[in-house]
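Here are my notes on the model, as numbered points. Please read them with the structure open.

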Amino acid sequence: MICVIIACGSHSRMISEHQSLAADGVTLVELRLDFLRREPDIRRLIPDRPTATIITARRTQDGGLWRDTEEKRLRLLRSAIAAEPEFVDLEVDIADKIPPFGATHRIISYHDLEKTPENLDALHREMLTKSPYFIKIAVTPKTVDDLFRFVTFIREKNREAKQLGDKGVRVVGIGMGEMGKATRILAKKFGMPYTYATFSQERMIAPGMLVYKELLDLYHYDQTDADSVVYGIIGNPIGHSLSPLIHNRSFIGQKINAVYIPFPLDDDNVTDFIRRANEWDIKGLSVTIPHKVAVTKHLTKMDPAVEKIGACNTVVFRGEERLGYNTDYVAAVSSIEAAMGGNFTDEKRILDGKNALILGAGGAGMALAYGLKKRGALVTITDINGNRAYDLSKHLDCEIVDWKSRDKLKQDILVNCTPIGMYPNMDESPFDKSALRPRMVVFDAVYNPENTLLLKSAREKGCIAISGVEMFVGQACLQFKLFTNQKASATLMRNLVRDAMSAAH
Ligand code: NAP
């Protein structure tokens, strides 16, 4: 179940949002009385409530907005209980001051906005003495170790509660901040009775919180359970990644009980995350900037491309094994070959002997250089950073050209692997239009926007233009196959990417 939090300044707004949520099928709502600008009027909010309701008046020290006296807050909570809502939220330290009353269930809560306390067991024992119906513990994990320790604790307490049957008290564990987002998405997997979400993006009242529609539509929360397999993406930043959207929709489309989650990790947390991934049934990870290189040292096996490129964008967990793949290069090169009328798996290689110029010697440039060379192309590399281009050319035994002379070569294939032309700098191009020739193949790794200035110019000059969307969708399809052994629909993924990008701009 999702409890949608209504936190707004006026009674009438609170009532109308409550009604609209009920009409949307929401069955549990938390009314945050501390957000009301005027004195909360229980008689307007509780008697005609359209769903089961949690009444909360949160203090500032716990992340709320209650600014009046503590005495007044306790009085308000007592009078709210007298109106018999389904639940009242009472912080553990004040729970004794408000005795159980009537049919209202008590949610005994604890918030730590700074850290994840060490003494979770002692805290839980104390909370159990306050006549709870549910326990809610919200902490702030700063490291992967904090997060996994917290989740282990929550799962254990919920397992114990289940064994106790009616006498058991289930625990809602919230990891606040981006690091803790997975606790909100995987609440059902971790045995929690419900999770919290907010009404809308504008009502984001706690860091890492999700909008309830996002939880339902993007992470298909209702369909998850204790057996859901977990996949995800590690990187930093990954807030705008489209990978959760395309993988989760593909899981739903193919009735696979799995959920794909963004894990924003800084460098210090990658090792612990990979080491502990099995604890959460994480079976596969997409890896993006800046961890594609660092992750290779945690692999037990890697495909030859990862070994040679030194970068891995896909990790598959199989028992104790951690298998590393690079689906970027296959996706990019096969989209180029397909556009030229060839086939990545053909014996006859359409790229044989073709001259390819790669702009940008970073992660994508390295993958493309490896892939094009492997398929027989004669590769030249250039980068604004000459040393980087030189190192890559030595590593993969390619030619090199000075960045300033890049427009002077007569190439069959031009590949942009710089971010030039990427949103919001859409009026920039990494290559002089006058140097584009008819029938030249132009591939742009940039996929946002789909039609970069470079590709528009290429089409105008009669070139074969290939968008980075093909690479993005292609690498995701290959990952999906490695993750699940099922074939993803490239059309579905492509449409999702296009729709998401046009909605965002
Ligand atoms: P990267 O590792 O940072 O490499 C980019 C290279 O381009 C770096 O050498 C960088 O030099 C250079 N560069 C950056 N800005 C430049 C500029 N204004 N002028 C000239 N050179 C510049 O990035 P990446 O991972 O290879 O990604 C490159 C592009 O490919 C990005 O737009 C990314 O979104 C796209 N990409 C697409 C896919 C896909 O699936 N379609 C997959 C991967 C990447 P400095 O480091 O000195 O800035």
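This is a predicted model: local features need pLDDT of at least 70, side-chain atom pairs count only at pLDDT 80 or more; totals for chains, interfaces and linings use all residues.

1. The shell around the ligand divides into 13 nonpolar, eight polar and three charged residues. Here Ala, Val, Leu, Ile, Met, Phe, Trp, Tyr, Cys and Pro count as nonpolar, Asp, Glu, Lys and Arg as charged, and the others, Gly among them, as polar. In total, 24 residues surround the ligand. The closest are Gly362, Ala364, Ile384, Ala445 and Gly468.

2. Numbering starts from 1 along each chain as its sequence is written.

3. Which helix supplies the largest share of the shell around the ligand? Helix 15 does, with four residues. Helix 12 (363–374) and helix 15 (468–484) each supply at least two. Helices (H or I, at least four residues) and strands (E, at least two) are DSSP runs, numbered from the N terminus. The protein has 16 helices and 20 strands.

4. Six strands form an open sheet with parallel pairing, in the order 17-16-15-18-19-20. Strand 17 (399–400) and strand 20 (464–466) stand at the edges with a single partner strand each, so one side of each has no neighbour in the sheet. Two strands pair if DSSP finds at least two bridges between them. Strand 15 (residues 355–359) and strand 18 (residues 413–416) pair in the parallel sense over four bridges. Leu357 stands opposite Leu414 in strand 18.

5. The largest nonpolar core has 148 residues. Such a core is a set of buried Ala, Val, Leu, Ile, Met, Phe, Trp, Tyr and Cys residues joined through C-beta atoms within 7 Å. Val4, Ala332, Ile358, Leu368, Ala369, Val415 and Val442 touch the most other members. Helix 15 gives the most to this core, with nine residues.

6. Take Val442. Leaving out residues up to four places away in sequence, Val442 touches Leu414, Leu436, Leu454, Leu455, Ala458, Cys463, Ile464 and Ala465. Contact means C-beta atoms, placed from the backbone, within 7 Å.

7. The domain assignment, automatic or from a database, gives domain 1 (2–226), domain 2 (248–325 + 478–504) and domain 3 (340–466). The C-alpha centres of domain 1 and domain 3 lie 52 Å apart.

Conventions: A residue is near a molecule or strand if its C-beta atom, placed from the backbone, lies within 6 Å of it. A residue is buried if 20 or more other C-beta atoms lie within 10 Å of its own, exposed if 12 or fewer, and partly exposed in between; C-beta atoms are placed from the backbone. Two residues are in contact if their C-beta atoms, placed from the backbone, lie within 7 Å.
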